[in-house]
Amino acid sequence: MATLLVSQRNFESHRTPAGHPERAERIRAIEEILAPADFPALIRRDAPGGDLTLADLVHAPGYLQALAQARPAEGMAQIDEDTFISSTSLDAVGTALGGGLAALDAVALGEVENAFCAVRPPGHHAERERPMGFCLINTIAIVAREAQRKYGAERVAIVDFDVHHGNGTQDIFYDDPTVMYASTHQMPLFPGTGAASETGVRNNILNAPLAARSGKDEMRAAYDAQIIPTLTDFRPDFILVSAGFDADYRDPLAQLNWHPEDFAWLTLRLREVADQCCGGRIVSMLEGGYDRQGLATGVAAHVTALMS
């Protein structure tokens, strides 16, 4: 079975201030390293527009309308200290969502075994009632709900290896035992959530925080001792991945010490669980990663492992 790469053509529609970490150059770096000459076996599709009203599946009533009202007629508006919305941001948000849903369709229908979506802005910090942390809507949470609503999935797992805890995804599914959320992340670090004591309604939340400057040994122990056994016992129908590459040792926003081979190792472990539990079905969506080289090499290692 093949791997699908979903690419976003209007990624520049979401504009951020000069020097902002979450900028269009991130997607350009991914496009360069995943060029067809170097990854000829990848199936490639452009992300279509997605139905943004599906935000109602995971966000509070009126959330999307509030975002639309915050969007300026021209230029950019600031939502909080880190989060901006430009006049055309919702166009990019729409294709980020559409890309995730297209990947879900392709995996669910057996066209491919797994998929990676190179889209922006990220989504895992967007809580039920507020956007934050560069994120406007929680894209992967919507994809999880669509896996349940459209394809009848009884259990969906979201594994988040971004260096920042996905507080938004945890917030949305904290009381829902049909969705498992598991995260490794640096702690203490923004957004300040993700303690091991945060376990959800029926232990459906699993946080394995990592100390600054920890590397492959601590990461692999967290997955082998905690996350992989719990994920296997959960037996998900789909595994979704919040794939952030800011745990890379070069990233300017954090202090973990991961290398490309660590992202490859983790991806292969997730593939083992997917092969055992859900026919290999994995949909991975880009979250963070703010060093251009660290992002590119991490993505290349991740996609190579998905294809292997």
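Visitor: Leaving aside its neighbours within four places in sequence, what is L54 in contact with?
Guide: In this predicted model, L54 is in contact with L101, I142, E146 and R149, its neighbours within four places being left aside.

Visitor: And where is L54 found?
Guide: L54 belongs to the loop between β2 (43-46) and α2 (63-70).

Visitor: Buried or exposed?
Guide: L54 counts as buried, because its relative accessibility is 12% and the limit for buried is under 20%.

Visitor: What separates the C-alpha atoms of L54 and I79?
Guide: These C-alpha atoms are separated by 22 Å, and the two residues are 25 residues apart along the chain.

Visitor: Let us turn to the cysteines. How many disulfides does the count come to?
Guide: The count comes to 0 disulfides.

Visitor: What about C277, which is in no disulfide either: how far away is the nearest cysteine sulfur?
Guide: For C277 the nearest cysteine sulfur is that of C278, 6.2 Å away. C277 counts as buried as well, at 15% relative accessibility.

Visitor: New topic, aromatics. How many aromatic pairs does a search of the whole structure find?
Guide: The search finds 5 aromatic pairs. One of them is formed by F134 and Y290 and is edge-to-face, with 5.6 Å centre to centre and 90° between the planes.

Visitor: Which parts does that pair tie together?
Guide: F134 lies in the loop between β5 (114-118) and α4 (139-151), and Y290 in the loop between β10 (282-286) and α8 (292-307), so the pair links parts that are 156 residues apart in sequence.

Visitor: Are those two residues buried or exposed?
Guide: F134 counts as buried at 13% relative accessibility, and Y290 counts as buried at 11%.

Visitor: What of F245 and F263?
Guide: F245 and F263 form a tilted aromatic pair, 5.0 Å centre to centre and with 55° between the planes. F245 lies in the loop between β9 (238-243) and α7 (260-277), whereas F263 is in helix α7, so this pair ties together parts 18 residues apart in sequence. Both residues are buried.

Visitor: Which residues form the aromatic cluster?
Guide: F161, F245, W258 and F263 form one aromatic cluster.

Visitor: What sits over the ring of F238?
Guide: The charged end of R281 sits there, 5.1 Å from the centre of the F238 ring.

Visitor: Now the helices. At what angle do α6 and α7 pack?
Guide: Helix α6 (residues 216-234) packs with α7 at about 10°, and their axes are 11 Å apart. That angle makes α6 roughly parallel to α7.

Visitor: Which residues make the contact?
Guide: On α6, they include K216, M219, R220 and Y223; among those of α7 are E261, D262, W265 and C277.

Visitor: Last one: where is the place of G215?
Guide: G215 is in the loop between β8 (205-210) and α6, and it counts as buried at 8% relative accessibility. Leaving aside neighbours within four places in sequence, G215 is in contact with N257 and W258. W258 was named above as part of the aromatic cluster.

Conventions: Residues are numbered from 1 along each chain as its sequence is written. This is a predicted model: local features need pLDDT of at least 70, side-chain atom pairs count only at pLDDT 80 or more; totals for chains, interfaces and linings use all residues. Side-chain values use heavy atoms; hydrogens and water are left out. A disulfide is a pair of cysteine sulfur atoms within 2.5 Å. Buried means under 20% relative accessible area, exposed over 50%, partly exposed in between (1.4 Å probe, protein chains only). Rings of Phe, Tyr and Trp (its six-membered ring) pair if their centres lie within 6.5 Å; planes under 30 degrees apart count as stacked, over 60 as edge-to-face and the rest as tilted. Helices (H or I, at least four residues) and strands (E, at least two) are DSSP runs, numbered from the N terminus. A charge sits over a ring if NZ of Lys or CZ of Arg is within 6 Å of the ring centre and within 35 degrees of the ring normal. Axes are lines fitted to C-alpha atoms, for helices over the stretch in contact, and angles run from 0 to 180 degrees between N-to-C directions. Angles under 35 degrees count as roughly parallel, over 145 as roughly antiparallel, 65 to 115 as roughly perpendicular and the rest as oblique. Contact means heavy atoms within 4.5 Å.
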